[in-house]
Structure formats: C-alpha cells, structure tokens
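Visitor: I'm new here and would like to learn how to read a structure like this one. Could you walk me through it?

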Amino acid sequence: MKKYQLGEFEEVVMLTVGILYNDAYGVSVKKEIEQRLSRKVSVGALQSALKRLEDKGYLKSHEGEATQERAGRPKRYFVITALGKRALEYTKTTRENLWKAIPEIALNPRFTG
C-alpha cells in the first residue's frame, strides 16, 4: 500500500471533517475538536492544516451561501476525498498493527519502571 503522510493534528482534523460531514467548515471543525478532545485549537493552526490537507488531495472544499452574519462572506465547507479516505484507512491500520505488536508485558505496570 502507498505511504500516506498524516500528522497527528491532520488526522484529528480529517476525522472531525468526517464526523461533521456536510457541516464541516472552519468554525464547526474547531468547536468539534475542542469539545471532543478538551483541547484548544488556534484558528491559524486549523486553517493551515485544512490548506495542507487540501493541497495533499485529502480534502476538497467548496463555498456555501453568503450570509449576513458573516458580512456577506460564504463559509468554506470541507469533505474527505477518496485519497483522503485511503490515507485515513492506512493510518488506522498502521496504528492498529503497532498496538498489536506491543507485547502485553510491555504495558503491564507491574513490570515497567
């Protein structure tokens, strides 16, 4: 299988875009991550990650309707692409294989320092 490069935060962002499905735009992704992970997310870090993921072909975006509450600016919505789905599957499989490879004794507090 082809190697896919996903950093930890990129993986979290992509999974969150999947969770939100048709309602995944910057603010909703930020709020969802903060709620689910009890972790603060800066707008700049999120926007950088969304741009990087779109540049890699893992996400694609489209503009929604312009709204008065946003001073006439449209929201930019994100969806996972087929390539993005493969990257997430690769990452999940890789993590599962690593977890399975850890000997049980290595995670037993009685035997570790």
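Guide: Happy to. Keep in mind that this is a predicted model. Let's begin with a loop: serine 38 sits in the one between H2 and H3.

Visitor: What is the phi of serine 38 like?

Guide: Here's the general idea: most residues other than glycine have a negative phi. Serine 38 is not a glycine, yet its phi is positive, at about 50°.

Visitor: And is serine 38 buried or exposed?

Guide: Exposed means over 50% relative accessible area. Serine 38 has 70%, so it counts as exposed.

Visitor: Which residue with a positive phi follows H1?

Guide: That's tyrosine 21. Its phi is near 45°, and this residue isn't a glycine either. You'll find tyrosine 21 in the loop between H1 and H2. Because its relative accessibility is 56%, tyrosine 21 counts as exposed too.

Visitor: Let's turn to the helix before it. How far does H1 reach?

Guide: To judge a helix, compare its span with the one expected at 1.5 Å a residue. H1 covers residues 8-20, and its 13 residues reach 18 Å from the first C-alpha to the last, close to the expected 18 Å.

Visitor: Which residues of H1 are buried?

Guide: Buried means under 20% relative accessible area. In H1 that applies to Phe9, Glu10, Glu11, Val12, Val13, Met14, Thr16, Val17 and Leu20.

Visitor: What do the buried residues of H1 pack against?

Guide: Their partners are the helices H2 (26-37), H3 (43-56) and H4 (82-101), along with the strands E1 (59-66) and E2 (74-80).

Visitor: How do H1 and H2 pack?

Guide: Look at the angle and at the distance between the axes. Here the angle is about 105° and the axes are 10 Å apart. Angles of 65 to 115 degrees count as roughly perpendicular, so H1 is roughly perpendicular to H2. On the H1 side, the contact includes Phe9, Val12 and Ile19, while H2 brings in residues including Ser28, Ile33 and Leu37. By type, the residues of this contact divide into nine nonpolar, two polar and two charged.

Visitor: Which residues touch the most other members of the largest nonpolar core?

Guide: Those are Val13, Val17 and Val29, in a core of 21 residues. H1, H2, H3 and H4 each supply at least two of its residues, and H1 gives the most, with six.

Visitor: What does valine 29 touch?

Guide: Leaving aside residues up to four places away in sequence, valine 29 touches Val13, Thr16, Val17, Leu20, Ala24 and Leu46.

Terms used:
Residues numbered from 1 in each chain as written. Predicted model: local features only at pLDDT ≥ 70, side-chain atom pairs only at ≥ 80, totals over all residues. Heavy atoms only, no water. Helix = DSSP H or I, 4+ residues; strand = E, 2+ residues; numbered from the N terminus. Expected span 1.5 Å × (residues − 1). Buried < 20%, exposed > 50% of the residue type's maximum accessible area, 1.4 Å probe, protein only. Contact = heavy atoms within 4.5 Å. Core = buried A, V, L, I, M, F, W, Y, C linked by side-chain atoms within 4.5 Å. Axes fitted to C-alpha atoms, helices over the stretch in contact; angles between N-to-C directions. Parallel < 35°, antiparallel > 145°, perpendicular 65-115°, else oblique. Nonpolar A, V, L, I, M, F, W, Y, C, P; charged D, E, K, R; others polar.
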